[in-house]
Amino acid sequence: MKKSSKNKILLMILALFFILGINRSYGQNLSDINQKINELKALEKIIDEKSAQLKSQQQDIINQRKHLEQNQNALKNQLQNLNNQIAQAKKELEDLQKNIVSQKIQKLAIIYAQAKPSAAAQELSNMDPQIAAEILTYMQSRQAGAIISKMDPKTAANIFSLYLKSKHQ
């Protein structure tokens with residue numbers, strides 16, 4: 001055989017080995033690529049499942065938030081109702097207290113109206129001027145005048161001033 005034929009045969013054998021090597025390498029690469037594709041598909045499936053779980057959890061959170069807001073609004077309404085009831089109860093209590101004080105002052109007015117004007121004047125002069133004036137408002141004008149005339153002029157003026165204010169209310 002000629003040297004050039006041998007070279008051609010050697011070149012052909014080398015080319016054949018090269019082609020076989022590439023095919024094996026390509027086959028190996030193709031196998032690796034398919035494996036990677038399968039791994040990616042598995043990861044994509046896991047991501048889709050996790051995404052669905054997250055969406056479900058997100059919807060649960062939204063529903064819980066709405067429920068909490070409804071509860072919060074209900075509690076605000078209850079609190080407002082309780083505050084209104086408390087305010088009403090306070091007003092009723094104040095009215096009741098005023099009524100009790102008024103009844104006591106009326107009883108005192110009856111007692112002082114029946115007393116001698118000088119004794120009543122002395123007692124009323126020693127109490128809070130506002131209370132003394134209120135007691136006088138429950139008396140007849142003639143009785144109140146008789147008592148005031150027996151008081152010290154400064155005390156009488158102070159009580160009479162308060163008396164006139166409470167008569168106009």
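Which residues of helix H3 (residues 129-137) are buried? They are Ala 132, Ala 133, Ile 135, Leu 136 and Thr 137. This model is predicted. With that in mind, here is a tour of the chain.

**Overall build**

The chain has 5 helices and 0 strands. Along the sequence, the pattern reads α-α-α-α-α. The chain has 169 residues, and 13% of them count as buried. Its accessible surface is about 14,000 Å². Carbon and sulfur atoms account for 57% of that surface. Now take the contacts between residues at least 6 apart in sequence. Of these, 64% join residues at least 24 apart.

**Helix H1**

Helix H1 covers residues 3-114. Leu 40 sits in this helix. Is Leu 40 buried or exposed? Its relative accessibility is 55%, so Leu 40 counts as exposed. Leu 40 also belongs to a nonpolar surface patch, together with Leu 43, Ile 46 and Ile 47.

The side chain of Ser 102 makes a polar contact with the side chain of Tyr 138, at 2.7 Å.

Helix H2 spans residues 117-125. Its buried residues are Ala 120, Ala 121 and Leu 124. Seen down the axis of H2, these buried residues fall within an arc of 105°, so they line one face of the helix.

Back to H3, at its start. There, a side-chain oxygen of Asp 128 comes to within 2.9 Å of the backbone nitrogen of Gln 130.

**Helix H4**

Helix H4 runs over residues 141-149, and Ala 144 lies in it. Ala 144 is buried, because its relative accessible area is 2%. What does Ala 144 contact, leaving aside its neighbours within four places in sequence? The partners are Leu 136, Met 139 and Tyr 163. Leu 136 is also one of the buried residues of H3. Tyr 163 is 19 residues from Ala 144 along the chain, and their C-alpha atoms are separated by 9.6 Å.

**Accessibility at a glance**

| Residue | Relative accessibility | Class |
|---|---|---|
| Leu 40 | 55% | exposed |
| Ala 144 | 2% | buried |

Key. Residues numbered from 1 in each chain as written. Predicted model: local features only at pLDDT ≥ 70, side-chain atom pairs only at ≥ 80, totals over all residues. Heavy atoms only, no water. Patch = residues over 30% accessible without salt bridge, like charges linked within 9 Å, V, L, I, M, F, W, Y side chains within 5 Å. Areas by Shrake-Rupley, 256 points an atom, 1.4 Å probe, with all protein chains shown as cover. Salt bridge = Lys/Arg side-chain N within 4 Å of Asp/Glu carboxyl O. Helix = DSSP H or I, 4+ residues; strand = E, 2+ residues; numbered from the N terminus. Buried < 20%, exposed > 50% of the residue type's maximum accessible area, 1.4 Å probe, protein only. Polar contact = N/O pair within 3.5 Å; in protein donor to acceptor, adjacent residues only side chain to side chain. Contact = heavy atoms within 4.5 Å. Arc of directions from axis to C-beta.
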